[in-house]
Amino acid sequence: MSLLTIAEMSEDSAHEKFKGIIWEANGGNPICPECGCTDVWMIRKNRRWKCSDKACRAQFSVTSHTIFKDRKLTFRKILMACAIFANGVMGVAACRLSREIDITYKSAWVLLQKVRDAMGKDAEAMQLGGVVEIDGAVFGGSLPRLPNSKELWAEFKKKHKAAAKKKQKLIVVMRERDDHEAGVIGRLRTFLLGKEGDAIEIARDTLLPDTVVHADMSPQWEPLHMLFDTKRINHSEHFSKDGACTNMAESFFERMRCAERGVHKHISGAHIHRYAMELGWREQYRRRSNGEHLHLMISTIGRTPPSKTLVGYWQGRKSKRVGPYPANDQDGDDAIAYLTG
């Protein structure tokens, strides 16, 4: 579906399209989000339905119990936003989206963050197998603008290097290699962690027991040998040797850096996990058409409950957590700030 097609839609047509994707399993007919009943009747006002189950009787709309609950945007604008987002190979900046569909920057920013959350929702229970590459990379923490005189650069870097390093965030990726003979694209999961060693326990739960793991020579990956058939590559000497490499993992990190440099300019450390989930989703479905991307995106939105962090974000109604924050989550962001798969 092209952006022009959506722009020419009426609001009723956009609603029908949205409904057809969200409730595709029932042929586009309503399903009660409370009890799963398909026997409902329509309330003409505001495109709502009511469940006929006597024990339920819930009223709902097509966006109830989704990230677009209590939406204020029209269905046509939501479809246009999803189409623009699906077309962005490296992602879409909130400033661009706000201009293209005529909404405020704050609305565009929250909308995109909600969609990024939905993109990572389906991967939460995903287990990887076959040949899996695991690696970590840091993002953020850039130095301020250098002073004009080159003579001051060394002192300037020394002064600001420690502060910049504290702002760096570590993303760890576990990525399956593509099976070219079977025509299967490898899946991947991303995690925001304090150090690479924190990924060992996650790997124990995420990777199947017969997985062959490839990693670099970092001492943080030594425990992998006790859990999996592990191959190591020394990057100071080779990019690849005897089949051992982490080139697919490095390819994902390059996509993230290209998105940061070319689209967003800067990604906040508090939300880097969402951008990692988004770009992991794009990498996983890179062989699909833009129309399939849009369909998958809206289908995922229909299965994703409202965000506890992003509802009322600009009004200061952020979720409150009980207990200490995990590593890299000192700013009160949600629990997936350290485990983004």
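## What you're looking at

This is a predicted model, with residues numbered from 1 along each chain as its sequence is written. Local features need pLDDT of at least 70, side-chain atom pairs count only at pLDDT 80 or more, totals for chains, interfaces and linings use all residues, and side-chain values use heavy atoms, with hydrogens and water left out.

pLDDT is the predictor's confidence in each residue, from 0 to 100. The chain averages 87, and 93% of the residues score at least 70. Among the elements, strand E7 (residues 212-216) has the highest mean pLDDT at 95, while helix H6 (residues 153-166) has the lowest at 83. (Helices, H or I of at least four residues, and strands, E of at least two, are DSSP runs numbered from the N terminus.)

Then there's the stretch 321-341, where pLDDT stays under 50. The model has 51 contacts beyond four places in sequence for these residues, a contact being heavy atoms within 4.5 Å. Where pLDDT is low, the predicted coordinates should not be read in detail.

Two strands count as paired if DSSP finds at least two bridges between them. The whole sheet is open, in the order E1-E2-E3, with antiparallel pairing.

## The five-stranded sheet

The other open sheet runs E6-E5-E4-E7-E8, with mixed pairing. E6 (188-193) and E8 (229-233) stand at the edges with a single partner strand each, so one side of each has no neighbour in the sheet. From one strand to the next, the twist averages 25°.

E5 (residues 169-176) and E6 run antiparallel, joined by six bridges; Arg-175 stands opposite Leu-188 in E6. Helix H9 (residues 247-264) lies across E4 (131-139), E5 and E6, running at about 35° to E4. Axes here are lines fitted to C-alpha atoms, for helices over the stretch in contact, and angles run from 0 to 180 degrees between N-to-C directions.

## Pocket and cavity

On a 1 Å grid over the protein atoms alone, a cavity is a set of points where a 1.4 Å probe fits but cannot get out; a pocket is an open set with protein on both sides within 12 Å along at least five of seven lines, and lining residues have an atom within 4 Å of a point. Grid points are joined across faces, edges and corners, and a volume is the space filled by probe spheres set on the points.

The largest pocket holds about 610 Å³. Of its 21 lining residues, Asp-70, Lys-72, Val-110, Lys-114 and Gly-312 lie nearest the centre. Helix H5 (residues 105-121) gives the most to that lining, with five residues. By class, the lining has eleven nonpolar, three polar and seven charged residues. (Ala, Val, Leu, Ile, Met, Phe, Trp, Tyr, Cys and Pro count as nonpolar, Asp, Glu, Lys and Arg as charged, and the others, Gly among them, as polar.)

The largest cavity has a volume of about 30 Å³, and its lining includes Met-1, Asn-87 and Leu-294. H3 (75-87) and H11 (290-303) each give two or more residues to it.
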